[in-house]
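Subject: Structure handover

Hi,

Here is the structure I promised to pass on. Please have it open while you read, and my notes follow below.

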Amino acid sequence: MTEAVAAARRSRITPEREAELYEAVLDLLREVGYDALTMDAVAARTRSSKATLYRQWGGKAELVAKAVRHNKRGGTADEVDTGSLKGDLHALTQKSDDCEMAQNASLMRALAMAVHSNPDLLQAFREHLIEPETAEFRRVLQRAIDRGEVRSDNPAIDYVMHMMIGGFAARTMIDDQPPTQAFLLSYIDAVVLPALGVPTS
């Protein structure tokens, strides 16, 4: 589904009501997981009709992906321009506090298996989360290239998203701790920036 069609569908819902629906979806995800979440349950929790939910979002996969995207409160690449790549990556990371990061990590763990066993959810995540965030990182990196901070032929450019997601996910898997601002900032300085040839001092 195109963004234009999705926007037209949601035009009948106020931003406040949309936020309420997304929060209810995330609450249900934390309670029962993706596979056990149903549109009937969302309708009951939000006092909406199931027909309305399908008309607005098309199905569970798109609704969940949009809810997770809405929950990510970090700034966009266009909103953050500090004049340096280190400053930009730090500023984007600091848009989410430790509590939000812990909640996001918990959600992503709950959805990790579901994404790979549900093609519709995987496609929705690619469309509404992965591709937009990859595009944002590319804009940040392009500014760094234009400033002369990063060489355009640096092979690590294609792996920045992999590095960032890897650091976020591995914090819980390896250290049994939620990701925090302090951890991600140190990870950026120790791993991401050196890989791109950017001084950290």
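Helices here are DSSP runs (H or I, at least four residues) and strands are DSSP runs too (E, at least two), numbered from the N terminus. This is a predicted model, in which local features need pLDDT of at least 70 and side-chain atom pairs count only at pLDDT 80 or more, while totals for chains, interfaces and linings use all residues. Residues are numbered from 1 along each chain as its sequence is written, and side-chain values use heavy atoms, with hydrogens and water left out.

Let me start with a pocket. On a 1 Å grid over the protein atoms alone, a pocket is an open set of points where a 1.4 Å probe fits, with protein on both sides within 12 Å along at least five of seven lines; its lining residues have an atom within 4 Å of a point. Helix 5 and helix 8 each give at least two residues to the lining of the second largest pocket, and helix 8 has the largest share, 5 residues. The lining has 12 residues, and those nearest the pocket's centre are Trp-57, Ala-61, Glu-62, Asp-120 and Ala-124. By class, 4 lining residues are nonpolar, 4 polar and 4 charged (Ala, Val, Leu, Ile, Met, Phe, Trp, Tyr, Cys and Pro count as nonpolar, Asp, Glu, Lys and Arg as charged, and the others, Gly among them, as polar).

Next, the interior. A nonpolar core is a set of buried Ala, Val, Leu, Ile, Met, Phe, Trp, Tyr and Cys residues joined through side-chain atoms within 4.5 Å; buried means under 20% relative accessible area, exposed over 50%, and partly exposed in between (1.4 Å probe, protein chains only). The largest such core has 28 residues, and Val-25, Leu-29, Tyr-34, Val-64, Leu-111, Leu-121 and Phe-125 have the most contacts inside it. At least two residues of this core come from each of helix 2 (15-32), helix 3 (39-46), helix 4 (50-57), helix 5 (60-71), helix 7 (98-117) and helix 8 (119-147). Another core, of 25 residues, lies apart from it and includes Leu-85, Val-140, Ile-145 and Val-160.

Contact here means heavy atoms within 4.5 Å. Ala-114 is found in helix 7 and counts as buried because its relative accessibility is 5%. Leaving aside neighbours within four places in sequence, Ala-114 is in contact with Tyr-34, Asp-35 and Leu-121.

Ala-43 lies in helix 3, and it counts as buried because its relative accessibility is 10%. Beyond its neighbours within four places in sequence, Ala-43 is in contact with Ser-48, Ser-49, Lys-50 and Leu-53.

Which residue in the loop between helix 3 and helix 4 is worth a look? Arg-47 is found there, and its phi is near 55°, a positive value in a residue other than glycine. Arg-47 counts as exposed because its relative accessibility is 71%. Asp-176 also has a positive phi, of about 55°, although it is not a glycine. Asp-176 is found in the loop between helix 9 (160-175) and helix 10 (181-195).

Enjoy exploring!

Best wishes
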